[in-house]
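Hi there,

Here is the model I promised to pass on to you. My notes follow below it, so please have a look at the structure before you read on.

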Amino acid sequence: MVPPRRRRIPAVALLLSLVLIAVTVGLVYRGWSFYRLSIEDRVEHPEFRVLRPSGLYGNGYGWVAAMLVVLNLSYLIRRRFGGARLGSMRTWLDVHVFTGLLAASLVSFHSAFQLRTPIASVSAVSLGTVVLTGLLGRFLYALGPGGVRERLAYALDLVDEHVAGSRAALAAGLAQRPGPEVPANASLLRSLWAVPGWLRVARERRDILAMILPPRRALSRAQRRAVAELYAASDAEARAAGVAALLRSWRALHRFFALLMLAAVLLHAGVAWYYGYRWIFA
């Protein structure tokens, strides 16, 4: 019996997280004495001309963020060519999340934490919406149905090793409570409607397992670990179809806001370029 591979934080994701934290902390440290001042008092700060939105640093933050936004959307193109040998989708997703969060951080420092024009406000709100929906999508991806059947089969075998003869009864009990059926093309509302269903099924499955298995106090430490894995695998299998449908519909919503954000960012950059705020490209 070979245990299923557990999801671990890849080295690329860990490295990108450290880079994101380091850059953000560095930007805060670099301009803390300026950003903590009120808008009226900032004009007296010795670095006002470089840290303001049109300054050398402030303007640069904005242009780098715009480049990161364009790079971020390359993930959508990569998804269209899923069979191409251009690196794993998981690595592309990690880079997608990293560039989105770093762009959001740079936009905050570019604006000096103030929104003084309608275009800047729309750009910031659209970027914030994309980041929020992206983070929720990443959470759904982590709950995804990858390998749930293999995990459940392994958990049943593991419990059967410690509680001999229990596998058949446990498998039959779980089969009585299948997860909700959600169409592959379900809308976001239809997918959200299935959430209470998979939560209910997961709860009912736990009740069934508790009736079949010995009481917790009668189990050894190894048996408790095996039972805990069975509970987790049962929950994951119950929500698999619902999470998959929810993730598909959520991606469509996230893609819509991403394209809206791209239009707002390009408009903002175009207006800035027209009025001469061209950073080092002047």
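The model is predicted, so local features need pLDDT of at least 70 and side-chain atom pairs count only at pLDDT 80 or more, while totals for chains, interfaces and linings use all residues. Residues are numbered from 1 along each chain as its sequence is written, and side-chain values use heavy atoms, with hydrogens and water left out.

**Serine 33**

Serine 33 sits in helix 1 (residues 11–35); helices here are DSSP runs of H or I with at least four residues, numbered from the N terminus. Its side chain makes a polar contact of 2.9 Å with the side chain of histidine 45. By polar contact I mean a pair of N or O atoms within 3.5 Å; within protein, one must be able to donate a hydrogen and the other to accept it, and residues adjacent in sequence count only if both atoms are side-chain atoms. Between the C-alpha atoms of serine 33 and arginine 221 there are 54 Å in space, and the two residues are 188 apart in sequence.

**Asparagine 72**

Asparagine 72 belongs to helix 4 (residues 56–72) and is buried, with 6% relative accessible area. Its side chain is joined to that of threonine 99 by a polar contact of 2.9 Å. Apart from neighbours within four places in sequence, asparagine 72 is in contact (heavy atoms within 4.5 Å) with His96, Thr99 and Gly100.

Helix 6 (residues 89–110) and helix 7 (residues 118–142) have axes 10 Å apart and pack at about 150 degrees. Axes are lines fitted to C-alpha atoms, for helices over the stretch in contact, and angles run from 0 to 180 degrees between N-to-C directions. The pair is therefore roughly antiparallel, a label for angles over 145 degrees. Their crossing is left-handed, that is, the near helix is turned anticlockwise from the far one by less than a right angle, with clockwise giving a right-handed crossing. Helix 6 brings Leu93, Asp94, Val97, Gly100, Leu101, Ala103, Ala104 and Val107 to the contact, and helix 7 brings Leu127, Val131, Leu135, Arg138 and Tyr141. By class this contact has 10 nonpolar, 1 polar and 2 charged residues; Ala, Val, Leu, Ile, Met, Phe, Trp, Tyr, Cys and Pro count as nonpolar, Asp, Glu, Lys and Arg as charged, and the others, Gly among them, as polar.

Most residues other than glycine have a negative phi. Alanine 112, which is not a glycine, has a positive phi of about 55 degrees, and phenylalanine 113 has one of about 60 degrees. At 0% relative accessibility, alanine 112 counts as buried.

**Helix 9 and its partners**

The axes of helix 8 (residues 148–162) and helix 9 (residues 167–175) come within 9 Å and cross at roughly 145 degrees, with a right-handed crossing. Residues of this contact include Leu152 and Leu156 of helix 8 and Leu170 and Leu174 of helix 9. The contact divides into 7 nonpolar, no polar and 3 charged residues.

Helix 9 also packs on helix 11 (residues 195–212), at about 155 degrees and with the axes 9 Å apart, so the two are roughly antiparallel. This crossing is right-handed too. Ala169, Leu170, Gly173 and Leu174 of helix 9 meet Arg205, Ile208, Leu209 and Ile212 of helix 11, giving 6 nonpolar, 1 polar and 1 charged residue.

**Helix 12**

Tryptophan 250 lies in helix 12 (residues 221–274) and is buried, at 15% relative accessibility. A polar atom of its side chain is 2.8 Å from the backbone oxygen of threonine 133. Leaving out neighbours within four places in sequence, the contacts of tryptophan 250 are Thr133, Leu136, Gly137, Leu140 and Leu188. Leucine 260 is also in helix 12, but is partly exposed, at 44%.

Enjoy exploring it!

Best wishes

Technical notes:
Buried means under 20% relative accessible area, exposed over 50%, partly exposed in between (1.4 Å probe, protein chains only). Angles under 35 degrees count as roughly parallel, over 145 as roughly antiparallel, 65 to 115 as roughly perpendicular and the rest as oblique.
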